[in-house]
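Subject: Structure for your review

Dear colleague,

Please find below the structure that I am handing over to you. My findings follow it.

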Amino acid sequence: MTTENAESPGLDDSFHVFDTTLRDGAQREGINLTVADKLTIARHLDEFGVGFIEGGWPGANPRDTEFFARARQEIAFQHAQLVAFGATRRPGGDAAADPQVRALLESGAPVVTLVAKSHDRHVELALRTTLDENLEMVRDTVSHLVSEGRRVFVDCEHFFDGYKANPDYAKAVVRAAHEAGADVVILCDTNGGMLPAQIQAVVATVLADTGARLGIHAQDDTGCAVANTLAAVDAGATHVQCTANGYGERVGNANLFPVVAALELKYGKQVLPDGALAEMTRISHAIAEVVNLTPSTHQPYVGVSAFAHKAGLHASAIKVDPDLYQHIDPELVGNTMRMLVSDMAGRASIELKGKELGVDLGDDRALVARVVERVKERELQGYTYEAADASFELLLREEAEGRARRYFRTESWRAIVEDRPDGTHANEATVKLWAKGERIVATAEGNGPVNALDRAMRLALERIYPQLAKFELVDYKVRILEGRHGTESTTRVLITTSDGNGEWSTVGVGENVIAASWQALEDAFTYGVLRAGIDPAE
């Protein structure tokens, strides 16, 4: 499929959401995208409904050149247009003969973004040319690409710093791009040092003085990239450049998801196709998986903690009306409200959490009071249930049903670590369990004592509970709590387990890491069998 001269379907052209994850976002430390990664992210962004996807710099490196060639053939864009990024022609040259400009055309992208110098010192020191020649480079390159049927956007690099130093020249670059046929001129806060009021004032002035259609590209070095982007919109910008999850060089770029959510939910601008906003949390997490970075739990709108409530006062209000402590309905952005259980929990927190987990506490005030006190007592011992829903559900069911869910009983366990003369280690664990009236002894080796215990428990119980064969320990965290009685300390372990269809987390606390791990493993296996729908009496 070719995207050349394609029109972006669905949304009108009066406001642009422009994503540069594949170019500017890929400059984040720790991100190294393959062509396959870039194609996958492009599909996610198109599905989300952004208007433009900047794919990279064709001709500057083989990977980006290959991406554009494959994207034209492999992706049937439904919403977005593919954008090629490049620079204005070289000083003293001719755009029609410039090999880098030719590579932009050969990419087949219907839209080209050109980066142009708008700071006078950068023109003279980095480009090593005159201010007049820089303006001619902008005019020549823009007009040539337009004559070749391309839509052209111009990124005015270091615009705001350049405007401070020489406002007349910065505006002259905007005029040169606009008069040569650029559809949008983007004012770039390349160093990320601006604040919202400054952005708003400059954008309003430049808009009035040049008549150009303006966009905004904000870096996040002051933590204001999203606010700066919205301030530019307030001043009349109709094109926003962002990256998924705020990825980008140094501390990153304006985060696509809070910007889009604010535009749709706070400004009332429809900038995405119908229904796309509800996919935002899923898209955010999917892109994080592709770039191999853990999704930020506290990211606005899409983080797992974005609508998590811990304080008892909050929970009491939310029980009456969730809007009392939430600025939007989480479902609008594909997220969910969560109640956190901690020593701050009150009755309302427990009731709402029970409802979330599917445990009906009814109107039993005494039951809820018992759960509250038990949670607070165990948190004093070092337990935490904020990230261990499975352990909390087991505790909740035990109090509600008047008995613990027992699929097996532990007689004893031991783990041995052997240090060998050749420097290697052997890890062996033995467990003695009772299940369905049968005493079972099993021994297993592992790559560590906890792994050996996990394997031994699985070996002992799989014959009775074959569902355990699907269980896999997928995450393991240890925290040493503050020391008590001199060198003694308490250890807390959080374990995440998967059965291939979902994950659950459990907690254990003990005088050492192995004892704490065993507790968390017991809860993990117990909850997994419960999750499989097995009754302890069977």
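With which residue does K117 form a salt bridge? The partner is E157, and the closest N and O atoms are 2.8 Å apart; a salt bridge here is a side-chain nitrogen of Lys or Arg within 4 Å of a carboxyl oxygen of Asp or Glu.

This is a predicted model, in which local features need pLDDT of at least 70 and side-chain atom pairs count only at pLDDT 80 or more, while totals for chains, interfaces and linings use all residues. Residues are numbered from 1 along each chain as its sequence is written, and side-chain values use heavy atoms, with hydrogens and water left out.

Strands (E, at least two residues) and helices (H or I, at least four) are DSSP runs, numbered from the N terminus. K117 is buried, with a relative accessible area of 17%; buried means under 20%, exposed over 50% and partly exposed in between, using a 1.4 Å probe and protein chains only.

In total, the structure holds 26 salt bridges. Another of them joins D140 to R89, with the closest N and O atoms 2.7 Å apart. D140 belongs to helix α5 (residues 131-147), whereas R89 is in the loop between β3 (81-87) and α3 (99-106). R89 is buried, at a relative accessible area of 4%, and D140 is buried at 17%.

Yours sincerely
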